Amino acid sequence: MYESGSFVAEHVDPVTAEQVQPNGVDLTVEAVFEQREPGRIGRDGKEIGDRQRRHPEAGDGDTDTFYLPPGGYVLQYAETISIPDGHVGFVYPRSSLMRNSCMLNTAVWDAGYTGKGEGLLQVHHDVELERGARVAQLVLAEGDHDDTYDGSYQGERVE
Ligand SMILES: O=c1ccn([C@H]2C[C@H](O)[C@@H](COP(=O)(O)OP(=O)(O)OP(=O)(O)O)O2)c(=O)[nH]1
């Protein structure tokens, strides 16, 4: 069973009323990066290639809007997410992002994970994203699990 938006909101911080949806909670964009160096996925480990932070640059003095031409971008969410025991999380793109020819690729959010995660933003047509805008939605499904998350991304970007 999937949980309600108000349940999901208890596991997202900070969260405003505007972010709480019937079935989940919207996540906002904090930072955008472009990968510059190759990463590596090996049998015994992985490395994340170097990235360059993309600065907002709408061109008209707006310092809070990312203007993104087509390409792949790593997007960091602003919210700290904690996946509660007995659950698994999934993130979907906000439909308005998809309707603007952009897509967010995501992976599994494990029970026990806490952090500000990342997603892969695919831009198929130029788009403007304002920092702090809602771009994704987290949903939580009940689910059995073996142990809880103890990987390298635990606690990422949490002060
Ligand atoms: O789209 C996603 C999906 C998941 N996560 C977070 C939550 C998840 O629990 C954590 C680790 O994901 P995963 O287990 O897939 O990472 P890994 O590549 O297997 O690395 P590790 O073994 O170090 O965890 O990353 C994201 O930030 N973005």
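1. Ser96 counts as partly exposed, at 36% relative accessibility. The classes are these: buried is under 20% relative accessible area, exposed is over 50%, and partly exposed is in between, with a 1.4 Å probe and protein chains only. Ser96 lies in helix α2, residues 95–99. Helices (H or I, at least four residues) and strands (E, at least two) are DSSP runs, numbered from the N terminus. From Ser96 to His124 it is 28 residues in sequence and 14 Å in space, C-alpha to C-alpha.

2. A word on the basis. This is a predicted model, in which local features need pLDDT of at least 70, side-chain atom pairs count only at pLDDT 80 or more, and totals for chains, interfaces and linings use all residues. Residues are numbered from 1 along each chain as its sequence is written, and side-chain values use heavy atoms, with hydrogens and water left out.

3. On confidence: the protein has a mean pLDDT of 96, and 97% of its residues reach 70 or more. pLDDT is the predictor's confidence in each residue, from 0 to 100. The model scores are ipTM 0.98 and pTM 0.96.

4. Which residues are closest to the ligand? They are Lys46, Asp110, Glu118, Tyr149 and Ser152, out of 14 residues that surround the ligand. The cut-off for being near a molecule or strand is one heavy atom of the residue within 4 Å of it.

5. Asp110 places a polar side-chain atom 2.6 Å from an oxygen atom of the ligand. Ser152 has a polar side-chain atom 2.5 Å from an oxygen atom of the ligand. Glu118 uses the backbone: one of its polar backbone atoms is 2.7 Å from a nitrogen atom of the ligand. On its own the ligand has 590 Å² of accessible area, and the protein covers 72% of that. Accessible areas come from the Shrake-Rupley method with a 1.4 Å probe; for residues, only the protein chains shown count as cover.

6. Where does the ligand sit? The space it takes is the largest pocket. A pocket is defined on a 1 Å grid over the protein atoms alone, as an open set of points with protein on both sides within 12 Å along at least five of seven lines. A molecule sits in one if more than half of its atoms lie within 2 Å of its grid points.

7. Arg134 is in strand β14, residues 134–142. Is Arg134 buried or exposed? Arg134 is buried, because its relative accessible area is 18%. The side chains of Arg134 and Asp26 are joined by a polar contact of 2.5 Å. Such a contact is a pair of N or O atoms within 3.5 Å; within protein, one must be able to donate a hydrogen and the other to accept it, and residues adjacent in sequence count only if both atoms are side-chain atoms.

8. Val127 is in strand β13, residues 127–130. Val127 is buried, with a relative accessible area of 9%. Val127 and Asn100 are 27 residues apart in sequence and 7.4 Å apart in space, C-alpha to C-alpha.

9. Backbone points to check. Most residues other than glycine have a negative phi, and most peptide bonds are trans. Asp13 and Pro14 are joined by a cis peptide bond, with omega about 0°. Pro14 is in the loop between β1 (12–13) and β2 (25–35). Ser101 is not a glycine, yet its phi is positive, near 70°. Ser101 is in the loop between α2 and β10 (102–105).

Notes
On a 1 Å grid over the protein atoms alone, a cavity is a set of points where a 1.4 Å probe fits but cannot get out, and a pocket is an open set with protein on both sides within 12 Å along at least five of seven lines; lining residues have an atom within 4 Å of a point.
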